Amino acid sequence: MKEEANQSSRPFIVGLGLGILLLGLALGLVAYVLGAVVLIAGLGGWLRDDFYGRFKVEEEAGGEQWPFEGVGRVKLGMWLFLASETILFGVILASYAMVRMKSQDWPAAGEILSISHGTINTFILLTSSFTLVLGLAAIRDGNQRGLKAGLLLTAALGALFLVNKATEWSELFSRGFTFQSGLPGSTYYLTTGLHGLHVFAGLLGLAYLSTKAFRGGFTAENHDTVENFALYWHFVDIAWVFIFPLFYLIA
Amino acid sequence: MDMKPRIYAGVFGALATATLIEVGIANMTIARATLTSAILAFASFKGLLIAMYYMHLRYERRSVAAFAIPPVILLLLLLFAMSLG
């Protein structure tokens, strides 16, 4: 392995792009566009490197890793990212709970939001987690077909979740329940919209993984990307596991 | 790491059952506090099952599982701060 394989400018470019994009909040459209371009270039390059196996990092045997011995760097990074995501969703759900507790009149369960829509979406996401974990188990045994089936089914279920969510939003809009419908409306659309964006990002990840899987890019020894992505997908599932009862079931 | 499809199927069965129970509880006429506690207990149980078995936290080092602690502490602090307001 070349020595340069350990070095990649991609994470730096992604960070730079994200930084410029956020500066756009203060500086306006030009910074937004520039940030987006840099971010997409960084992410695209990163994925290309991964796709062609140019970024294989071997953990240093003698390096100090306490207290994370045996845990891969990228996996550790993913857990750190998920910790920040926990705070993001936690803050939104906690503020929703607080608003809800202090409100005198809030629509009863099933009055505005359809419990059946929420239940169906819960089953869709739970099943998608199941199919993804089966795909991961398959590639651990070197079963390429199992992985491909797992990834495709997971993507199909993720897309179905978004279709069901879009149908629900459209029905709610037509009944006059919109972003402007006070706190019940704004909290619902903000939370489920943010979650839907996460599902959409997951679908992009699944599209990438499926393409790589169909080119034989994963083996029993080399499937860390699938494993690390699966952590993200299951986390999005966990977020929904809390959103569903808080918004749909508790009167 | 114990990655048997049979275990995953069992976990899926438990998650599906817990969801049905949640919906069942929501349709019962019981005190709001009891209903909320029961439903949130089931949701936490589901979240824990996914994290432990699908995310394999059960088989990871404890130091990785410890990643879940700081966000929870921050959240509790935030809830406390908001309750003051």
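Contact here means heavy atoms within 4.5 Å.

## Ground rules

This is a predicted model, in which local features need pLDDT of at least 70, side-chain atom pairs count only at pLDDT 80 or more, and totals for chains, interfaces and linings use all residues. Residues are numbered from 1 along each chain as its sequence is written, chains are lettered from A and ligands numbered from 1 in the order in which they are written, and side-chain values use heavy atoms, with hydrogens and water left out.

## Chain B as a whole

Let's start with chain B. Among its contacts between residues at least 6 apart in sequence, 56% join residues at least 24 apart. The chain has four helices and zero strands, in the order α-α-α-α; helices (H or I, at least four residues) and strands (E, at least two) are DSSP runs, numbered from the N terminus.

Along the principal axes, the C-alpha atoms of chain B fill a box of roughly 45 × 35 × 10 Å. Of its 85 residues, 35% count as buried, that is, under 20% relative accessible area with a 1.4 Å probe, protein chains only.

## H2(B) beside H7(A)

Helix H7 (residues 224-249) of chain A and H2(B) cross at roughly 170°, and their axes come within 9 Å. Axes are lines fitted to C-alpha atoms, for helices over the stretch in contact, and angles run from 0 to 180 degrees between N-to-C directions. H7(A) and H2(B) are therefore roughly antiparallel (over 145 degrees; under 35 counts as roughly parallel). Residues making this contact include A:His234, A:Asp237 and A:Phe242 of H7(A), and B:Leu35, B:Lys46 and B:Tyr54 of H2(B).

## H2(B) beside H4(A)

Helix H4 (residues 115-140) of chain A packs against helix H2 (residues 32-54) of chain B at about 15°, with the axes 12 Å apart. These two helices are therefore roughly parallel to each other. On the H4(A) side, A:Thr122, A:Leu126, A:Ser129, A:Phe130 and A:Val133 meet B:Lys46, B:Ile50 and B:Tyr54 in H2(B).

## A closer look at A:Phe235

A:Phe235 lies in helix H7 of chain A and, at 9% relative accessibility, counts as buried. Beyond its neighbours within four places in sequence, A:Phe235 is in contact with A:Leu82, A:Glu85, A:Thr86, A:Phe89 and B:Met55.

Technical notes
Angles under 35 degrees count as roughly parallel, over 145 as roughly antiparallel, 65 to 115 as roughly perpendicular and the rest as oblique. Buried means under 20% relative accessible area, exposed over 50%, partly exposed in between (1.4 Å probe, protein chains only).
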